[in-house]
Amino acid sequence: MNMPVHNVPAGVMLALLEELAAFSAPGPGVTRLLYTPEWYRAQQFLQERWAGLGLKVRTDEVGNVYGTLTGSKVTDKVILTGSHIDTVVNGGRYDGAYGVAAAAAALHYLQVTFGQPLRSLEVVSFCEEEGSRFPLTFWGSGNVTGLYNGSERGSFADVDGVTLGAAMAACGLGGIETSGVGDIAATEGGREFTSSPARRDITAYIELHIEQGIILERNSQEIGVVQAIAGQRRYIVKIGGTANHAGTTPMGLRRDALAGSAEMLLALERSAVAEGDPLVATTGRLEVHPGTPNVIPGEVQFTLDIRHSEAGNLERFCSGILEEFAGIAGRRGLDLEVLPLLATAPAPMDKGMCAALEQICEKQGKSYRSMVSGAGHDAQLFAPLCPAAMIFVPSRGGISHSPDEYSSPEELAAGLEVLTSILYELAYTEN
Ligand SMILES: [Zn+2]
């Protein structure tokens, strides 16, 4: 295999990252929520910079920004790479932004070094992934892949009651696709689309991202080759007992909803540990009623978040644990109600691209591991449509969604080299 990509300079990427971090609402870390002024200015900034890097820029109707290097041989299909521009409230400067900045730097390097690609390459800055302002996630990649149909624009609002559609209109979006620097504002007051067809021209999607976990750091490895993005189940579990006097009700005559819940949560932890990686199971919220020191809890509600990269294992674990909950409730004479909230399927990454990434790491002398992503990413929306791949770099202390999020310039540069190499293979070689 031809492997001419080495020592990709990281300067363009690091400068973009540094500059992007300045587009933030006040407060610690980076806060860049969908369709806010700082978000708008960041997307405009990227268009200006990308145009300066020799990319053909445009934005789509929801505000995803693209920069294209048109291929000499194949022009009606594109190899897409990038990530998302939005952040959580008081997030870090690397989540999403790293993949966006590195992708643009990779395309710039490839064009300067090797000229026009055979197949078109495109960098994307997705408008939204986190779900921090509106109660929906993957708004950017979801519009590209057909997850959304446009009806969401009137039905979802932020905490101030601003609908998604109104927030888009405030940024001049929701109308026709535009091209060129600063053209976002030109569509102000544009018509609302009622449906949002998926793009059909994407032949591969590659996303570079910080790990947001501690596995790479713990193992002193530079690169994570993501084999799958975990599927996820969420439930609300309601336990019904009898609220009664804490002083006059003998222990043997109680229907204590909290003690029953505690037994269930310990069973959950025990089963999850026994199942082993990559299964993870979490109860993040628990509400006790009436919540009074001298009253036996009559009702408890808690959440379940269970993730695994294999659909069958996820299904088996979830039905197993819910059966165990039913057994505990039965023995204690408690009522049990389980409300499913969310079920997303695991998204396997493309085996061929994973193998290519591992080969690249080996040839470049980089330490790497195959791993599962427990967090959701834009790549999972592309996995059903085209070959998709993800590359991880270490996160210091495993910390993310925090102002303390950090990956060193060297770690970021290693990821950039791997990304650049796979893009070279996909777009420049006669494969
Ligand atoms: Zn992210």
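What share of the 431 residues in the chain is buried? Buried residues make up 48% of them, where buried means that 20 or more other C-beta atoms, placed from the backbone, lie within 10 Å of the residue's own.

Two notes on the source. This is a predicted model, in which local features need pLDDT of at least 70 and side-chain atom pairs count only at pLDDT 80 or more, while totals for chains, interfaces and linings use all residues. Residues are numbered from 1 along each chain as its sequence is written.

The chain has 12 helices and 17 strands; these are DSSP runs numbered from the N terminus, helices being H or I of at least four residues and strands E of at least two. Along its principal axes, the C-alpha trace spans about 80 × 50 × 35 Å.

Now the pair. Helix H3, residues 97-114, and helix H12, residues 409-428, have axes that come within 9 Å and cross at roughly 55°; axes are lines fitted to C-alpha atoms over the stretch in contact, and angles run from 0 to 180 degrees between N-to-C directions. That makes H3 oblique to H12, since angles under 35 degrees count as roughly parallel, over 145 as roughly antiparallel, 65 to 115 as roughly perpendicular and the rest as oblique.

Which residues meet? Among them are Tyr 98, Ala 102 and Phe 114 in H3, and Leu 412, Gly 415 and Tyr 428 in H12, with contact meaning C-beta atoms, placed from the backbone, within 7 Å.

Definitions and conventions:
Buried ≥ 20, exposed ≤ 12 C-beta atoms within 10 Å, placed from the backbone. Contact = placed C-beta atoms within 7 Å.
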